[in-house]
Amino acid sequence: MNIQFYNTLTRTKSEFKPMEGNTVRIYSCGPTVYSYAHIGNFRAYIFMDTLRRVLQYNGYNLKHVMNITDVGHLESDGDEGEDKMEKAAKKENKDPYEIAKYYSDIFFRDMGRLNIQTPEIISKATDHIAEMLEFVQGLVKNGYAYETSKGIYFDISKLDKYPVLSNRKLDEQIAGARVDVDEEKKNPYDFALWIKAPENHIMKWDSPWGLSYPGWHIECSAMGRKYLGDEFDIHTGGIDHIPTHHENEIAQSKGLTGKIPAKFWMHVEFLQVDGGKMSKSLENIYTLDDLQEKGIEPLAYKLFCFTAHYRTKLNFTFENALATQKALMRLREGFIRQSEGTEKIESTEIKEYEEKFLATINDDMNMPVAIGIVWDIIRHPKQSKQLAELLLKFDQVLGLDLANSQKYIDESKKIELPEEIQELIEKRKKARLEKDWALSDEIRDIIQSKGYIVKDTKAGIIVEKQF
Ligand code: AMP
Ligand code: ZN
């Protein structure tokens, strides 16, 4: 089956095939573990998960590396500011290794809650210092790097072309005065490969240039090369990685091996909140826990991400996410209805659905349309186990854990009732004891208007949340 992916490098959609055999080699830029990952970050990992699943659905094996950045990512991507890990360590009065462990554990817990597959290889930057150092020494040897008082820098003027991934105009940016002025750098866009550690920097290693630590870009180049070779199939990240981080990874690889490391460069657009950027000052940086508190499950957030194509901006509002939570419950109920169905569906119709779904996911992962097909199946006029099986097959790509639909529905019913609802239930019980049926019905309607259903059963009163 022909898979078409958009490639940032060529700015076109083109056919994807692994470079070698049946295994796709992928590198994904992973989290910098200095803080909690937010829902914007998770849009990037949901995209990564869908990419994995689409490739597996097409019968490919995967060798997928995701890094954990636990040193060297400075506050600005342009080599300015403090190391994010060290800053967090100082703020929390902890060791940076402790900080890294704490936030990576939470990151992987959240990945699990989103039913995101863990890549085959997880590589921590601090475990690969030797490989990074070797890479930098190779660049120095090849004449692509030079030493300043601050560290070892990459000399972009030695390349045939820079930039290649983004179409940013360097001159325009210089005019815009967004580059730092470091007199020791040969070109304003030269970037740090290796940074000499100030006295108080905790994470530092011996090197030919004294105690120092790696720059963020070299980490990914060295780890990608170690596990996937000089050239591999796909490199992923968020769009913010295009102009600096990935551009510089390409520069480094060209300097050492003469090759652009990945054939396909795939980038996910940003999640916005209330139509704008997520920012601390707006207090709109939400985690999965913040969503859960408002009744939005991690898997509902995943379904929410499927409402937009990965290359378009997605706007998060609690209102829309709550609507998706309800949709997810309907999806689960629909799946169960189909599982219990006994009607027969012609095999040609099943095949048509399969073909349409495959063509859609293979068209640069068009998840909004793929979800549309899923709804068509849920709303099919017939009820049939065959359709439930089809949904389970498609869920290999969606990763919404439809197989456990009943469990989620049961759990959602075991809810803690708000005090207001509890009081109304008590009032209704009293009305029923006094045989005031009109009042009892009136209270039941009030309860229902607040999103809860009251059922009077032989076993007693059951209250369920309405989705
Ligand atoms: P970081 O931990 O800051 O390196 O970011 C981890 C990943 O999240 C990177 O791939 C970023 O490009 C991505 N990312 C950060 N913010 C957003 C956002 N608002 N929407 C989508 N992806 C994002
Ligand atoms: Zn990276």
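Predicted model: local features only at pLDDT ≥ 70, side-chain atom pairs only at ≥ 80, totals over all residues.
Residues are numbered from 1 along each chain as its sequence is written, chains are lettered from A and ligands numbered from 1 in the order in which they are written, and side-chain values use heavy atoms, with hydrogens and water left out.

The protein chain is divided into domain 1 (3-268), domain 2 (313-412) and domain 3 (415-465); the bounds come from an automatic or database domain assignment. The centres of domain 1 and domain 3, taken over C-alpha atoms, are separated by 56 Å.

Helices (H or I, at least four residues) and strands (E, at least two) are DSSP runs, numbered from the N terminus. Strands of a sheet pair through backbone hydrogen bonds, either parallel or antiparallel; here two strands count as paired if DSSP finds at least two bridges between them. An open sheet of 5 strands has the order S7-S4-S3-S12-S13, with parallel pairing. Strand S7 (121-124) and strand S13 (262-268) stand at its edges with a single partner strand each, so one side of each is left without a neighbour in the sheet. From one strand to the next, the twist of this sheet averages 20°. Angles run from 0 to 180 degrees between N-to-C directions, and axes are lines fitted to C-alpha atoms, for helices over the stretch in contact. Within the parallel sheet, S3 and strand S12 (residues 232-238) pair over 3 bridges, and Tyr 27 stands opposite His 235 in S12. Helix H6 (residues 216-228) lies across S3, strand S4 (61-68), S7 and S12, and runs at about 160° to S3. Helix H7 lies across S12 and S13, at about 155° to S12.

A further open sheet is formed by 4 strands in the order S8-S9-S10-S11, with antiparallel pairing. Its edge strands, strand S8 (145-147) and strand S11 (212-214), each pair on one side only. The twist in this sheet averages 25° from one strand to the next. Strand S9 (residues 151-154) and strand S10 (residues 191-196) pair in the antiparallel sense over 4 bridges, with Ile 152 opposite Trp 194 in S10. Helix H7 (residues 242-257) lies across S9 and S10 and runs at about 85° to S10.

Cys 29 lies in the loop between strand S3 (23-28) and helix H1 (39-57) and His 245 lies in helix H7, so the pair ties together parts that are 216 residues apart in sequence.

H1 and helix H13 (residues 385-398) pack at an angle of about 130°, with axes 7 Å apart. H1 and H13 are therefore oblique to each other, given that angles under 35 degrees count as roughly parallel, over 145 as roughly antiparallel, 65 to 115 as roughly perpendicular and the rest as oblique. Thr 50, Arg 53, Val 54 and Tyr 57 in H1 meet Lys 393, Phe 394, Asp 395, Gln 396 and Val 397 in H13. The residues of this contact divide into 4 nonpolar, 2 polar and 3 charged (Ala, Val, Leu, Ile, Met, Phe, Trp, Tyr, Cys and Pro count as nonpolar, Asp, Glu, Lys and Arg as charged, and the others, Gly among them, as polar). Helix H9 (residues 298-305) and helix H10 (residues 318-339) pack at about 105°, with axes 8 Å apart, and are therefore roughly perpendicular to each other. The contact of H9 with H10 has 7 nonpolar, 3 polar and 1 charged residues.

Most residues other than glycine have a negative phi, and most peptide bonds are trans. Arg 11, in the loop between strand S1 (3-7) and strand S2 (12-16), has a positive phi near 55°. A cis peptide bond with omega of about 0° joins Tyr 162 and Pro 163, and Pro 163 is placed in the loop between S9 and helix H5 (170-175).

Technical notes:
Contact = heavy atoms within 4.5 Å.
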